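Colleague: Before I rely on this model, could we go through the terms you apply to it and the values behind them?

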Amino acid sequence: MPHTPSGGAGGGTAAADRGLMSIGTVLNVLREEFPEVTVSKIRFLEAEGLVEPQRTPSGYRKFTAGDVERLGHVLRMQRDHYLPLKVIREHLDARERGEEVRIPFPGRPHETAGGERLEDLLAEPEPTAAARLGREELLTAAGIPEEQLAEWESYGLLAPLPDGTYDAEAATVATLVVELGRFGIEPRHLRVMKAAADREAGLVDQVVAPLRRHRNPQTRAHAEARTKELAHLAVRLHAALVQTALGVRLP
């Protein structure tokens, strides 16, 4: 489905009009307004059908200025209106059909401009926990058959939650495994990466564990924020070490 340009995605979007952009360039443009956006986030939004970049014959993503503006609109609606992706997709589709649509009032995550509760407007109210994917949804998002997912699980690259669903990051993992496969890197080769990630996560857990066990409820509440902060630093360090080892610098 073609996407027409929507609201601006920051001052850097004008530079995008000169041609198609790589995902690294798109990341730099979006970070002018959304400093925390990552390549994984862009790929996840693509997997969820919020943007459809073109592909080169070798499989690389190429984004138009309209794609960047659409991504900016999605990120802005998440940040300012706390909307789930399902509602954002419906909103964007309605805009492209030329329909007049109403969005929630900024800064009030559970109430629309008309005063209705957002939950009452959704056919399926969003759970308070992080978004999850069913097995079929994950297979669709990654574009892989059941037996391939089972193979990945046997190597520990993906694992369902106790209720059989997957966290939203599973779609990112699946997409990246597919991308690496295009270069001949098989799932069994990725076990070393999974082992390294588990060790890094264990280190973060070790640092945060005292906060989680603290008697003060406010201190325990800081544990999640500290975990996210440490995870962000660990990912940045890991990326920097890999780039240093390979003697390259990513955009």
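Modeller: The mean pLDDT of the chain is 78, with 79% of its residues reaching 70 or more, where pLDDT is the predictor's confidence in each residue, from 0 to 100. Over residues 4–17 the pLDDT is below 50, and this stretch has 32 contacts in the model beyond near neighbours in sequence, a contact meaning heavy atoms within 4.5 Å. Over residues 104–130 the pLDDT is also below 50, with 37 such contacts. This is a predicted model, in which local features need pLDDT of at least 70 and side-chain atom pairs count only at pLDDT 80 or more, while totals for chains, interfaces and linings use all residues. Residues are numbered from 1 along each chain as its sequence is written, and side-chain values use heavy atoms, leaving out hydrogens and water.

Colleague: Why are H2 and H8 called roughly perpendicular to each other?

Modeller: Helix H2 (residues 39–47) and helix H8 (residues 169–181) pack at an angle of about 95°, their axes 9 Å apart. Angles of 65 to 115 degrees count as roughly perpendicular, under 35 as roughly parallel, over 145 as roughly antiparallel and the rest as oblique, so H2 and H8 are roughly perpendicular. The contact involves Ser40, Arg43, Phe44 and Ala47 of H2, and Glu169, Ala171, Thr172, Thr175 and Leu176 of H8.

Colleague: What makes Gly59 count as buried or exposed?

Modeller: Buried means under 20% relative accessible area, exposed over 50%, and partly exposed in between, with a 1.4 Å probe and protein chains only; Gly59 has 15% and is therefore buried. Gly59 lies in the loop between strand E1 (54–55) and strand E2 (61–62).

Terms used: Axes fitted to C-alpha atoms, helices over the stretch in contact; angles between N-to-C directions. Helix = DSSP H or I, 4+ residues; strand = E, 2+ residues; numbered from the N terminus.
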